[in-house]
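Please keep the sequence and the 3D view side by side as you read.

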Amino acid sequence: MVVVHSHTSSPYLRDPHHTALHYLLRRAPPSPPIIYATSPQPLSSSSPSAASTRRTLLVSIAATSFSSLILSRPSKSATNTEFFDLPNSGGVKALDLRAGTGATPVDGDQVAIHYYGRLAAKQGWRFDSTYDHKDSTGEPIPFVFTLGSGKVISGIESAVRSMQVGGTRRVIIPPSQGYQNTSQEPIPPNFFDRQRLFTTIFNPTRLGNGEGSTLGTLIFDIELISIRH
């Protein structure tokens, strides 16, 4: 007999569509009957042989049910829980936190995104976030740009190009696809954040020491809000 303990505090079990919940609640296939080579003679229920036969039968059914449950587990490829390389991105790695259901942009489209930008060289220091840019009503202002214009760092364009509206994606952007100069967008509006960001990435002493491959590594969480053709 297989006993599954349900903990309602688990975030996976609170989500009715999570694959782990479907796996746990999936009904195991019926156990195949046990076929004897010869029909055993009827035994007294009080005899040791009868008790041994019942124990053997229960163990066989439990083992068969457990094996069926393990074999029916969904494969790892059914869920995307690891970073993957974005094609033709120059080394950008992505992890889809939430799949979108809307349209996918093409070059020339005007796209609106929300983002959190962090700098890996500063222990993940968050240097900018569109959720901190508020309008007069207190609503966050998305970052809007034209896809393919070259005004935005390449890593963000590569990430957005294969997203769907409503999706959220985390990307690790190598220095070659990040800031190449101080005029590339998105630019932090706060002067001190902007100064700290660029003095870290373009630090001549550390660049001279061969740290250029790590200084400019960026981590962005991007939410694609809308597309305007």
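Buried means under 20% relative accessible area, exposed means over 50%, and partly exposed is in between (1.4 Å probe, protein chains only). Helices (H or I, at least four residues) and strands (E, at least two) are DSSP runs, numbered from the N terminus.

Before going further, a word on what you are looking at. This is a predicted model, in which local features need a pLDDT of at least 70 and side-chain atom pairs count only at pLDDT 80 or more, while totals for chains, interfaces and linings use all residues. Residues are numbered from 1 along each chain as its sequence is written, and side-chain values use heavy atoms, with hydrogens and water left out.

How far does the predictor trust its own model? The pLDDT, its confidence in each residue from 0 to 100, averages 77 over the protein chain, and 65% of the residues score at least 70. The pLDDT is below 50 over residues 1-40, a stretch with 34 contacts beyond near neighbours in sequence (contact means heavy atoms within 4.5 Å). Residues 50-79 also have a pLDDT below 50, and that stretch has 26 such contacts in the model.

Now for the overall layout. The protein chain has seven helices and seven strands, and from the N terminus on they run α-α-α-β-β-β-β-β-α-β-α-α-α-β. Of its 229 residues, 29% count as buried. Among contacts between residues at least 6 apart in sequence, 67% join residues at least 24 apart.

Which residues of helix 4 are buried? They are Gly155, Ile156, Glu157, Ser158, Ala159 and Val160, six of the eight residues in this mostly covered helix. The buried residues of helix 4 pack against strand 3, strand 5, strand 6 and strand 7.

Leaving aside neighbours within four places in sequence, Phe220 is in contact with several residues, including Tyr115, Tyr116, Phe127, Ile156, Val171 and Pro186.

Tyr116 is found in strand 3, and counts as partly exposed because its relative accessible area is 31%. Beyond four places in sequence, Tyr116 touches Arg126, Asp128, Ser129, Tyr131, Ile219, Phe220 and Asp221. Tyr116 and Arg170 are 54 residues apart in sequence and 9.3 Å apart in space, C-alpha to C-alpha.

Our last stop is Pro142, in the loop between strand 4 and strand 5. Pro142 counts as partly exposed because its relative accessibility is 30%. Not counting residues up to four places away in sequence, Pro142 touches Ala112, Ile113 and His114. From Pro142 to Leu224 is 9.4 Å in space, C-alpha to C-alpha, although they are 82 residues apart in sequence.

Definitions and conventions
pLDDT is the predictor's confidence in each residue, from 0 to 100.
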